[in-house]
Amino acid sequence: MIVTMPMLYCPFRKSYDAMGVHPLLIWLLVLIVNLAAFAGVCAGADDPYLAELLNRAAERQLHRERAWEVLLHYRPRGDERESLVDDPRFFLAPEGKTDPEAELSATLRSLFSSEASGDEHPRCRFPARAAWLAEELAIDAGHLPPMACPQLDEALAAVNPRSAVLVFPAAHPNGPASMFGHTLLRVGSTYRSDLLSYAVNYASHTTDTNGIVYAFKGIFGGYSGYYSILPYYEKVREYNDLEHRDVWEYPLTLAPDEVRRMVLHIWELRGIASDYYFFDENCSFNLLFLLEAARPELRLAEEFWDRSSFWVMPADTVAVIGRAGLIEKQAYRPAQATRILRRASLLPPDARHEALQTALSPQRAQAVAASSRPVEERRQILNLAAEYVQYRYSRKELEQPEFQRQFLEVLKVRSPLGPDESDAGEVPVPPAPETGHLPGRIGLGGGYRHDTPFVEASIRPAYHALMDADEGYSPHSQIIFAEAVGRYYPERHSIRLQRFSAVDIVSLAPRDEFFKPISWKVNGGLFRRPFADGADRLFLRLNTGGGMAWPVPGNGVAYGMAELDLNLSDRLRDKAVLGAGVSAGVIVSPADCWKVALSGSAFAYGLQYHEYYRLALEQNLALSRTLGLGLTASWERSFDRSRAEALLMVNRYF
């Protein structure tokens with residue numbers, strides 16, 4: 001092997017000559033210094049075996065291999081590549097984020113380096129890359145420096161990867177960070193209980209609970225996302241017990257060696273940060289790279305790059321993974337709150353009240369067991385009471401000694417009543433998350449406003465409205481981002497922006513004997529309504545409110561809220577008005593595919609004093625997963641100007 005030495009440079013030659021030092025000694029000293037520097041820059045280049053490997057990698061263009069692009073999370077940018085990982089610690093070459101070839105060469109050289117040892121050595125820090133290069137180039141381990149990776153070995157022994165399960169905790173609209181649902185992976189082992197396995201999660205690090213703040217930061221990359229591995233029972237408790245979220249599990253058809261390869265890649269990502277984006281580079285999208293690392297021939301992420309929409313919803317990724325043939329089956333794990341509500345729904349009101357009082361005062365259990373109620377009803381009252389005691393403990397409302405005392409007191413009385421005769425403890429399996437309507441929606445229709453015909457077109461990138469079919473979604477919730485509505489008035493030859501909703505979130509959480517959530521709403525954007533001059537004017541609106549909701553027959557909900565409303569416009573005398581008011585309504589589903597809503601609101605505004613009223617009757621008929629028919633009749637009054645409107649819309653979900 002011929003190695004060309006770099007040009008040697010000695011900036012102090014003249015000064016040394018002036019001191020009378022022999023030039024030969026000076027050149028010898030400079031040669032030693034430059035050789036040391038050259039050895040540091042070209043570490044391993046004097047190793048003929050490493051040079052051969054580098055040449056073979058270059059000849060085969062290994063940096064273009066699918067597996068390498070997956071391990072570095074490279075995304076095509078025309079003919080170039082750019083990694084979606086933003087943390088410089090993930091790369092061994094300075095330009096590794098955008099240069100796959102440089103990163104591969106740097107990684108290959110690092111395998112032969114002896115500068116670091118133990119778990120800090122690149123072979124231990126990036127074991128998936130090292131294993132892939134060793135396999136592709138048939139690297140002789142005898143040429144590598146001896147290396148031990150105790151932390152990696154310990155982690156692999158603890159996780160013991162044998163299988164993988166995709167986990168989908170359903171949406172929880174009362175928590176801004178959980179509005180769209182979530183996906184994570186459970187790594188199965190040879191342990192008996194699934195709860196003793198480990199969960200692989202990708203999530204943003206945030207403590208924000210305000211919906212607007214969370215949405216703004218999430219949309220524009222204001223959070224950093226991290227991968228983590230933690231015991232699965234902790235995530236189940238977090239989602240099932242603490243957040244009232246049902247959990248879906250989808251066992252995957254990955255072989256044990258593929259699961260091990262995935263876990264090695266997860267090890268490489270520990271502590272590595274990437275910019276978190278609400279719509280695309282989110283929890284669900286980034287998990288796709290882990291599955292591709294397990295089986296590189298999969299092209300799960302590319303489906304989202306190649307389509308016109310720019311968002312990645314958790315339920316979408318479940319569908320994509322299913323279409324790739326990775327899902328064996330599905331299993332449903334209802335939340336503890338769901339189980340409580342199911343049991344309560346099968347009891348009459350007085351029995352539900354008795355169960356709650358028994359849970360709060362377990363000494364009442366004896367009176368329940370000795371009552372004249374039917375024996376099955378007594379069983380279910382005590383079952384419900386025991387379940388609610390467990391729920392209070394999971395919410396840390398009870399300390400462990402008090403929980404054990406109350407729980408055992410109820411069970412002691414319940415046991416002599418014998419086994420259940422009904423299936424009250426079985427929660428019916430709801431539609432799976434991936435079966436709901438697609439998150440995008442475009443609409444086209446027409447109607448009349450104040451006796452003037454118009455044609456309306458709308459587009460909504462995401463996600464779900466109150467009047468959309470609830471199948472696969474959290475019922476009685478609305479999450480809308482960036483919806484634009486335009487109208488054309490043929491008689492006036494006029495095109496107008498009718499509305500632009502930057503964010504519109506509504507959470508109607510029904511209250512009952514056991515749970516007392518607060519319903520809330522927040523929205524902001526451009527809206528149009530009558531002004532003092534009689535014309536419909538566009539204005540900026542910020543609105544928020546809170547209140548209560550209650551279940552009603554027909555799988556419905558009735559609600560009432562107190563609200564604050566800020567309007568900004570040059571057409572207002574003082575440029576702004578602040579109002580307060582109330583809103584109320586009822587939403588029911590006479591049939592699975594049909595929803596009807598009646599709503600009303602009233603506001604009084606200061607500064608430029610005026611009042612605003614609105615009544616609306618809305619209906620939506622879901623014709624299929626991708627098609628719906630909406631009908632709205634409304635009346636509003638603003639600045640003593642009244643407007644009546646009727647609108648028929650055909651909505652296409654995509």
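Arg186 is buried, at a relative accessible area of 6%; buried means under 20%, exposed over 50% and partly exposed in between, with a 1.4 Å probe and protein chains only. This is a predicted model: local features need pLDDT of at least 70, side-chain atom pairs count only at pLDDT 80 or more, and totals for chains, interfaces and linings use all residues. Residues are numbered from 1 along each chain as its sequence is written, and side-chain values use heavy atoms, with hydrogens and water left out.

**Salt bridges**

- Side chains of opposite charge can pair when their charged atoms come close.
- The count comes to 42 salt bridges, each a side-chain nitrogen of Lys or Arg within 4 Å of a carboxyl oxygen of Asp or Glu.
- Arg186 forms one of them with Glu249, the closest N and O atoms being 4.0 Å apart.
- Glu249 lies in strand E7 (residues 247–251) and Arg186 in strand E4 (residues 184–188), so this pair ties together parts 63 residues apart in sequence.
- Strands (E, at least two residues) and helices (H or I, at least four) are DSSP runs, numbered from the N terminus.
- Glu249 also counts as buried, at 9% relative accessibility.
- Glu563 bridges to Lys521, with 3.4 Å between the closest N and O atoms.
- Here strand E17 (residues 556–568) holds Glu563 and strand E15 (residues 519–530) holds Lys521, so the parts tied together are 42 residues apart in sequence.
- Glu563 is buried at 4% relative accessibility, and Lys521 is buried at 15%.
- A network of salt bridges links Arg449, Glu456, Arg487, Asp536, Glu636, Arg643 and Glu645.

- Arg129 meets Glu103 in a salt bridge of 2.9 Å, N to O.
- Arg129 sits in helix H7 (residues 127–137) and Glu103 in helix H5 (residues 100–111), so the bridge ties together parts 26 residues apart in sequence.
- Both Arg129 and Glu103 are buried.
- Arg129 also lies over the face of Phe90, 4.7 Å from the ring centre.
- The rule for a charge over a ring is NZ of Lys or CZ of Arg within 6 Å of the ring centre and within 35 degrees of the ring normal.
- Arg529 lies over the face of Tyr612, at 3.7 Å from the ring centre.

**Aromatic pairs**

- The structure holds 20 aromatic pairs.
- Rings of Phe, Tyr and Trp (its six-membered ring) pair if their centres lie within 6.5 Å; planes under 30 degrees apart are stacked, over 60 edge-to-face and the rest tilted.
- Phe285 and Phe289 have ring centres 5.7 Å apart and planes at 85 degrees, so they are edge-to-face.
- These two Phe residues, Phe285 and Phe289, are four residues apart in helix H12 (residues 283–294), about one helical turn.
- Phe285 is buried at 3% relative accessibility, and Phe289 at 1%.
- Phe531 and Phe539 have ring centres 6.0 Å apart and planes at 50 degrees, so this pair is tilted.
- Phe531 and Phe539 are both buried.
- Tyr388, Tyr391, Phe514 and Phe515 are linked by ring pairs into a cluster.
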